[in-house]
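Please read the following note beside the sequence and the three-dimensional structure.

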Amino acid sequence: MALSDDLERIATAAVVYAAPGERVAGILAAEPLSAGRVYLCAYESEDEHGWLALDDDARPVTGRALVREVASLAALCELAEETAGGGDLPALRARLAELRETEAPEGIEEAEEAAAALERALRAAPRVATSGYLDELGAASRRLERALGEDARSPFAGALQQSAAAVEELAADVERHHKGPLD
């Protein structure tokens, strides 16, 4: 079954858990290392929001640690996608092509290929957040950084480290506003 079909199935199931005046606002799919696929459903109403994690059988997840892991993994994947290639990969690729045409610096082809590889690593929505996907984005980002002459530190890794507080806040919000009981 395709991910889009799974998301539609989960969206239908998630509606059952909506309170009056509340709607399902979005669904993120994740496959944490500790479990199978889990869907993090976002709910919103005029003045509130809530979350509910559903397993692949559309049953509410009750494990606090698993819910936090899913929220963190989904957030990290979103941030990694937004940060990859400096946050604007199409503009970077256009600038590299321009440099190749106007100045032809040494190593420009390697940088262009690394940028193209990173673009291929970025998956179109909908996609499943996994640690493997994070690793793939990290490796492709690091290859691009090195091709651009950034050997000492990784701006991509630094950006993800700086986002730790935001990831933690999202996980805490999901936990605080989870629609079901958590163990």
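1. Two strands are said to pair if DSSP finds at least two bridges between them. Helices (H or I, at least four residues) and strands (E, at least two) are DSSP runs, numbered from the N terminus. The model is predicted, so local features need pLDDT of at least 70 and side-chain atom pairs count only at pLDDT 80 or more, while totals for chains, interfaces and linings use all residues. Residues are numbered from 1 along each chain as its sequence is written, and side-chain values use heavy atoms, with hydrogens and water left out.

2. The sheet. Four strands form an open sheet in the order β3-β2-β1-β4, and their pairing is mixed. Because β3 (49–55) and β4 (128–130) each have a single partner strand, they stand at the edges, and one side of each is left without a neighbour in the sheet. On average, neighbouring strands are turned by 30 degrees against each other, direction ignored; the axes here are lines fitted to C-alpha atoms, for helices over the stretch in contact, and angles run from 0 to 180 degrees between N-to-C directions.

3. Pairing of β1. Strands of a sheet pair through backbone hydrogen bonds, either parallel or antiparallel. Strand β1 (residues 23–31) runs parallel to β4, and three bridges join the two. Ala30 has Ala129 of β4 as its bridge partner, and Glu31 has Thr130. With β2 (residues 38–44), strand β1 runs antiparallel, through seven bridges. Leu28 stands opposite Leu40 of β2, and a hairpin of six residues joins β1 to β2.

4. Glu22. Is this residue buried or exposed? Glu22 has a relative accessible area of 16% and is therefore buried (buried means under 20% relative accessible area, exposed over 50%, partly exposed in between, with a 1.4 Å probe and protein chains only). Glu22 is placed in the loop between α1 (3–15) and β1. Its side chain makes a polar contact of 2.6 Å with the side chain of Lys179, and one of its side-chain polar atoms lies 2.8 Å from the backbone nitrogen of Ala19. A polar contact is a pair of N or O atoms within 3.5 Å; within protein, one must be able to donate a hydrogen and the other to accept it, and residues adjacent in sequence count only if both atoms are side-chain atoms. Neighbours within four places in sequence aside, Glu22 is in contact (heavy atoms within 4.5 Å) with Tyr17, Tyr43, Glu44, Ser45 and Lys179.

5. Helix α5. This helix (residues 131–147) has 17 residues and reaches 24 Å from its first C-alpha to its last, close to the 24 Å expected at 1.5 Å a residue; the expected span is 1.5 Å times one less than the number of residues. Among its buried residues are Tyr133, Leu134, Leu137 and Leu144. The buried residues of α5 pack against α2 (64–83), α3 (89–102), α4 (108–121), β4 and α6 (155–162).

6. Backbone angles. Most residues other than glycine have a negative phi, and most peptide bonds are trans. Ala58 has a positive phi near 65 degrees and lies in the loop between β3 and α2; at 16% relative accessibility, Ala58 counts as buried. Ala104 has a positive phi near 45 degrees and lies in the loop between α3 and α4; at 53% relative accessibility, Ala104 counts as exposed. The peptide bond from Ala125 to Pro126 is cis, with omega near -5 degrees, and Pro126 belongs to the loop between α4 and β4.
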